[in-house]
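Please keep the sequence and the three-dimensional view at hand while reading.

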Amino acid sequence: MSAPLIELCNIRKSYGGVDSPKVEVLRGISLSIHPGEFVAIVGASGSGKSTLMNILGCLDRPTSGSYRFAGRDVAELGSDELAWLRREAFGFVFQGYHLIPSGSAQENVEMPAIYAGIPPAERHARARALLDRLGLASRTGNRPHQLSGGQQQRVSIARALMNGGHIILADEPTGALDSHSGAEVMALLDELASQGHVIILITHDREVAARAQRIIEVRDGEVVSDTASEQAPAEPAEHLQADDLRQRLDRGATLKGAWKGELLESLQAAWRVMWINRFRTALTLLGIVIGVASVVVMLAVGEGSKRQVMAQMAAFGSNILYLNGKHATEREPGGIVSLDDVAAVAELPLVKHVMPVIGEQLMVRHGNNSQSFYVGGNNTWFPEIFNWPVVEGSFYTEADEANGAAVAVIGQKVRDKMFGAGSNPLGQYLLIGNVPFQVIGILAAKGASSGDQDSDERIAVPYSAAAIRLFGSARDPEYIAVAALDSSRVHETEKAIERLLLQRHQGKHDFDLTNDAALIQAEARTQNSLSLMLGAIAAISLLVGGIGVMNIMLMTVRERTREIGIRMATGARQRDILRQFLTEAVLLSMVGGVTGIALALAIGGSLKLADIAVAFALPAILGAFACAVVTGVVFGFMPARKAARLDPVKALTSE
Ligand code: ADP
Ligand code: MG
């Protein structure tokens with residue numbers, strides 16, 4: 001006789017004990033099963049058959065006693081090795097079929113092969129062949145609820161055979177079937193037994209049990225009769241040997257599954273579950289959607305306004321400093337920055353150009369058209385310092401400045417208002433404060449406006465002409481624009497000017513020195529704090545979203561406890577279950593992330609229509625998406641681990 005495949009010695013199992021009365025379900029079962037046997041375990045309902053079968057199939061552990069499988073003590077096997085046994089050695093057939101409701105017949109049959117790492121093509125072919133052999137060729141795509149009980153049971157037999165099914169454990173396989181389907185299933189088991197599969201059939205029906213070679217009767221957790229000794233099985237050569245299985249167990253349990261196949265399967269399963277519960281899923285994802293959308297929009301608005309500020313800085317020139325005398329107060333007379341000061345500042349090594357400015361709002365006339373514009377006297381550095389070129393005609397020259405020539409360069413709006421849009425006023429005269437000035441150039445359109453004044457409504461004349469002809473020669477400049485030589489040393493330049501003026505003004509700080517860059521930067525800082533606030537909102541939404549994901553995952557795990565049990569019974573390792581639920585959580589939050597990004601783009605589009613500067617940056621979008629994925633991993637981990645740590649039998653028998 002061959003070495004036994006299964007050896008139970010004095011197996012006991014009891015439930016309860018701590019808070020419920022202790023029940024002894026198995027009371028010292030000893031039996032051995034050899035390769036090639038077809039065994040029926042019979043007994044009344046409640047006698048402990050299913051409990052025994054769960055222990056045989058390594059779904060459950062006995063309270064005491066020893067179980068040796070192919071010579072190895074099962075108590076010493078780790079959870080991966082037990083999973084290997086369930087996957088490669090056993091095939092379960094349950095009374096209630098235990099198919100995964102969301103999967104098709106084919107997918108249900110393929111499941112053990114996925115956990116065994118069998119490549120897809122081979123897997124599909126094998127599943128189809130098995131279904132074909134069991135008369136279900138036309139039903140491969142149907143989900144369990146679309147199949148009859150007999151068909152479902154045949155699908156579960158095909159699943160049991162998927163990885164070989166050396167030992168078929170069938171717990172009342174005909175219990176829920178009509179007599180015809182039941183006979184079909186029994187014929188199938190007979191056939192499998194004759195092909196060399198070990199069949200352990202549990203039944204309370206003696207007629208069914210009579211099909212087996214050996215009948216073990218259990219009553220109240222004890223074996224009361226066993227026909228084994230009477231007729232030891234013949235041993236055909238092709239029968240699987242215990243040694244062989246044992247060697248494979250020693251090798252195979254360390255084998256890694258094919259993560260790619262499993263990941264794909266997890267993704268498909270996750271997608272399916274999400275789709276089935278799409279309304280619930282959508283509601284739960286709102287948090288992540290809002291979080292991601294607000295991150296993306298916030299960054300886009302921040303970036304947009306930053307770019308706007310940068311453009312403004314470029315337009316005004318970030319190396320420009322403004323110097324003016326302090327305004328008079330009741331306590332002190334105002335300070336004055338004189339033309340002599342201008343000349344002195346111009347001598348400083350860090351200073352590139354200096355331009356005194358004097359200006360006022362004046363009435364300007366042409367024919368009988370009379371309007372008020374800002375008229376400024378500036379020297380010839382005007383285009384460079386204000387970064388404001390002439391687009392038609394030319395700017396006045398050093399000679400014009402020296403002679404106090406009555407020439408004017410006008411802004412685009414002045415041209416439009418005084419001479420008509422698109423006209424050519426070059427060479428014509430404007431009466432500025434009753435002094436005729438000849439128009440010699442037109443400034444580029446600036447567009448930007450500061451305060452209530454439109455930059456393009458400006459007339460520039462030589463400083464000398466303004467001082468002499470318009471404002472009276474005694475007047476000092478209103479302010480001085482200073483271009484620093486190096487825009488990265490504006491601050492240093494500022495300090496040098498300050499020192500010089502303090503010296504020239506006998507230590508009195510009766511002047512102000514400012515620069516646009518500082519003003520614009522201050523404005524940008526306000527915007528930054530706004531961004532920070534939006535960021536906090538985004539972070540909170542992501543947190544809420546993450547809790548939503550955790551909540552839905554906990555719900556899923558609870559709802560699908562039985563599915564988890566089925567997966568474990570067909571050989572899923574703990575990490576397979578962990579991976580599956582983590583995949584689901586991540587997929588969930590990825591969908592939330594993508595939706596959030598889409599929402600953000602839509603919001604950005606409407607903000608643009610409302611003339612708010614937005615600039616979407618790819619890194620920001622990817623970053624937000626990554627945030628969503630990380631949220632999924634972080635908040636999905638706890639539920640996934642909870643699923644992975646479920647006890648197979650408890651999961652399987654849960655409601
Ligand atoms: P059978 O399959 O022979 O009908 P079972 O093995 O399912 O019997 O159950 C045997 C006995 O063990 C029953 O009396 C049942 O109430 C008890 N039992 C089974 N599972 C549990 C459990 N998880 N906790 C407490 N008692 C249990
Ligand atoms: Mg039972």
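## A network of charged side chains

Which residues are linked with Arg 560 in a network of salt bridges? The partners are Glu 563, Arg 567 and Glu 584, which together with Arg 560 form the network. The model described here is predicted.

Over the structure, the count of salt bridges comes to 25. Another of them joins the side chains of Arg 573 and Asp 576, with 2.9 Å from N to O. Arg 573 has a relative accessible area of 2%, and Asp 576 has 3%. Buried means under 20% relative accessible area, so both Arg 573 and Asp 576 fall in that class.

The side chains of Glu 37 and Arg 214 form a salt bridge, at an N to O distance of 2.9 Å. Glu 37 belongs to the loop between β2 (23–33) and β3 (38–42), whereas Arg 214 is in strand β9 (residues 214–219), so this pair ties together parts of the chain that are 177 residues apart in sequence. Glu 37 and Arg 214 are both buried.

A further salt bridge brings together the side chains of Asp 341 and Arg 504, with 2.6 Å from N to O. Here, too, distant parts of the chain are linked: Asp 341 lies in helix α11 (residues 339–346) and Arg 504 in helix α16 (residues 490–504), 163 residues apart. The two ends of this bridge can be described in turn. Asp 341 is buried, at 3% relative accessibility, while Arg 504 is partly exposed, with a relative accessible area of 35%.

## The surroundings of ligand 1

What surrounds ligand 1? The shell consists of Tyr 15, Val 25, Ala 44, Ser 45, Gly 46, Ser 47, Gly 48, Lys 49, Ser 50 and Thr 51. Helix α1 (residues 49–56) gives the most to the shell, contributing three residues.

Polar backbone atoms are found at 2.7 Å in the case of Gly 46 and at 2.8 Å in the case of Lys 49. For Ser 50, a polar side-chain atom lies 2.7 Å from an oxygen atom of the ligand. Taken alone, ligand 1 exposes 560 Å², and the protein buries 56% of that area.

## Aromatic pairs

A search of the whole structure finds eight aromatic pairs. In one of them, the ring centres of Phe 92 and Phe 94 are 5.6 Å apart and the planes meet at 5°, so the pair is stacked. Both residues are buried: Phe 92 has a relative accessible area of 5%, and Phe 94 has 8%.

Phe 395 and Tyr 396 form a tilted pair, with 4.2 Å from centre to centre and 40° between the planes. Phe 395 counts as buried at 13% relative accessibility, and Tyr 396 is buried with a relative accessible area of 3%.

Methods: Residues are numbered from 1 along each chain as its sequence is written. Chains are lettered from A and ligands numbered from 1 in the order in which they are written. This is a predicted model: local features need pLDDT of at least 70, side-chain atom pairs count only at pLDDT 80 or more; totals for chains, interfaces and linings use all residues. Side-chain values use heavy atoms; hydrogens and water are left out. A residue is near a molecule or strand if one of its heavy atoms lies within 4 Å of it. A polar contact is a pair of N or O atoms within 3.5 Å; within protein, one must be able to donate a hydrogen and the other to accept it, and residues adjacent in sequence count only if both atoms are side-chain atoms. Accessible areas come from the Shrake-Rupley method with a 1.4 Å probe; for residues, only the protein chains shown count as cover. Helices (H or I, at least four residues) and strands (E, at least two) are DSSP runs, numbered from the N terminus. A salt bridge is a side-chain nitrogen of Lys or Arg within 4 Å of a carboxyl oxygen of Asp or Glu. Buried means under 20% relative accessible area, exposed over 50%, partly exposed in between (1.4 Å probe, protein chains only). Rings of Phe, Tyr and Trp (its six-membered ring) pair if their centres lie within 6.5 Å; planes under 30 degrees apart count as stacked, over 60 as edge-to-face and the rest as tilted.
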